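User: I would like to learn how to read helices and backbone geometry in a model. Can we work through one together?
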Amino acid sequence: MIDGMPPHLPPGFTDTFTSQYVDTGELRLHAVTGGEGPPLLLLAGWPQTWYAWRLLMPALAEKFRVVAVDPRGVGLSDKPLDGYDTGTLAADMAALMTALGHERFAMVGHDVGMWTGYALAADHPDRLDRLALAEAAVPGLSPSPPLFGSREANDRLWHFAFNRLDGLNEQLISGREHLYFGHQFATKAAKPLPDHAVQYYVDTLATDPEARRASFEFYRALDATIAQNEHRKKRRLTLPVLTIAGAENLGESVGATMRLAADDVQSVVIPGCGHYPAEEAPEEMLAALTAFLT
């Protein structure tokens, strides 16, 4: 670890970015911050940490004050027993940015970070200027696939049901974290993520029982999140929204999902990319974000 940061960071990364803890009043969140300009919040998804953004952060920091955060339950942030519905997660992000002195900001969310980004835009419309969202279906907003769907849908979505189990899943993966979480990365990436990155993500979960428990809590809270989204979608978003997807994973469905909830949606689909565009196609994702955010 360098200055509290993991290895294999881009050259000069620690000259720009600082690892810090932020007390929101409710909990302590870990964030990596740096750069100058308008504030930009980066929120990754399951089962990753802020580290997912490392390849984009140096270039973004040339134009923005970048805040890459571990949400509750993730990485070095607090891991309370509850509060994993997206309403609470969105309130956490609003409180984090307030604590850092940023009343209005732009946001980029991936996977579960996309769930939270939608909730933040809907629940706190006065806080966000622009919203970029990547690679997720949104429970309570996206159409729900049938139980006996296609093999392709099952292969992509089976972890939703597994992750919602109450404790059995933790017992089944105990000692097999590299098999379970490693399978997620191996099957959802069109371009394999670096071994050191996968190792870092999995080790973060394998070495801490509370981290493993918390990683499932986002899914165990889905009943609450779905009910919230059923209410949120009654009032459409008016801020500019960009969706980014991998052509080899969710493709056009990400843009289609957000058009169910927002009036101003641009969609970018990256060829040859799977579920992890920030790591599989960082240059393409950076180009899309830069054009949209500036």
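User: Which helices do the buried residues of H8 pack against?

Analyst: This is a predicted model. In it, the buried residues of H8 pack against helix H7 (177-188), helix H9 (209-220) and helix H12 (277-280).

User: Which residues of H8 are buried?

Analyst: Start with the general idea. An α-helix has 3.6 residues a turn, so residues three or four places apart point the same way. Now the case here. Ala197, Val198, Tyr201, Val202, Thr204 and Leu205 are the buried residues of H8. They cover an arc of only 150° around the axis, so they sit on the same side of H8.

User: What span should helix H8 have, and what does the model show?

Analyst: H8 runs over residues 195-206, which is 12 residues. At 1.5 Å a residue it should span 16 Å. Its end C-alpha atoms are 16 Å apart, which agrees.

User: How does helix H3 do on that test?

Analyst: H3 (residues 86-99) has 14 residues. From its first C-alpha to its last it reaches 20 Å, close to the 20 Å expected. Its buried residues include Leu89, Ala90, Met93, Leu96 and Met97. Just after H3, Gly101 takes a positive phi of about 90°.

User: How do I read the packing of H7 on H8, and at what angle do their axes cross?

Analyst: Take distance, angle, hand and contacts in turn. The axes of H7 and H8 come within 10 Å and cross at roughly 140°. The two helices are therefore oblique to each other. H7 passes H8 in a right-handed crossing. From H7, the contact is made by Glu177, His178, Phe181, Gly182 and Phe185. H8 brings Val198, Gln199, Tyr201, Val202, Asp203, Leu205 and Ala206.

User: Now H4 and H10. Is their crossing left-handed or right-handed?

Analyst: H4 passes H10 in a left-handed crossing. The axes of H4 (residues 112-123) and H10 (residues 222-232) come within 11 Å and cross at roughly 45°. These helices are therefore oblique to each other. Trp115, Tyr118, Ala119, Ala122 and Asp123 in H4 meet Leu222, Asn229 and Arg232 in H10.

User: Let's turn to the backbone. Which residues other than glycine have a positive phi, and where do they lie?

Analyst: The general idea comes first. Most residues other than glycine have a negative phi, and most peptide bonds are trans. Here, His8 has a positive phi near 60°. His8 is found in the segment before helix H1 (13-16). Glu135 also has a positive phi, of about 55°. Glu135 lies in the loop between strand E6 (128-134) and helix H5 (151-163).

User: Is Glu135 buried or exposed?

Analyst: Glu135 is buried, with a relative accessible area of 0%. Buried means under 20%.

User: Which peptide bond is cis?

Analyst: The bond from Trp46 to Pro47 is cis, with omega near -5°. Pro47 is found in the loop between strand E3 (39-43) and helix H2 (57-60).

Key:
Residues numbered from 1 in each chain as written. Predicted model: local features only at pLDDT ≥ 70, side-chain atom pairs only at ≥ 80, totals over all residues. Heavy atoms only, no water. Helix = DSSP H or I, 4+ residues; strand = E, 2+ residues; numbered from the N terminus. Expected span 1.5 Å × (residues − 1). Buried < 20%, exposed > 50% of the residue type's maximum accessible area, 1.4 Å probe, protein only. Arc of directions from axis to C-beta. Contact = heavy atoms within 4.5 Å. Axes fitted to C-alpha atoms, helices over the stretch in contact; angles between N-to-C directions. Parallel < 35°, antiparallel > 145°, perpendicular 65-115°, else oblique. Left-handed = near helix turned anticlockwise from the far one by under 90°.
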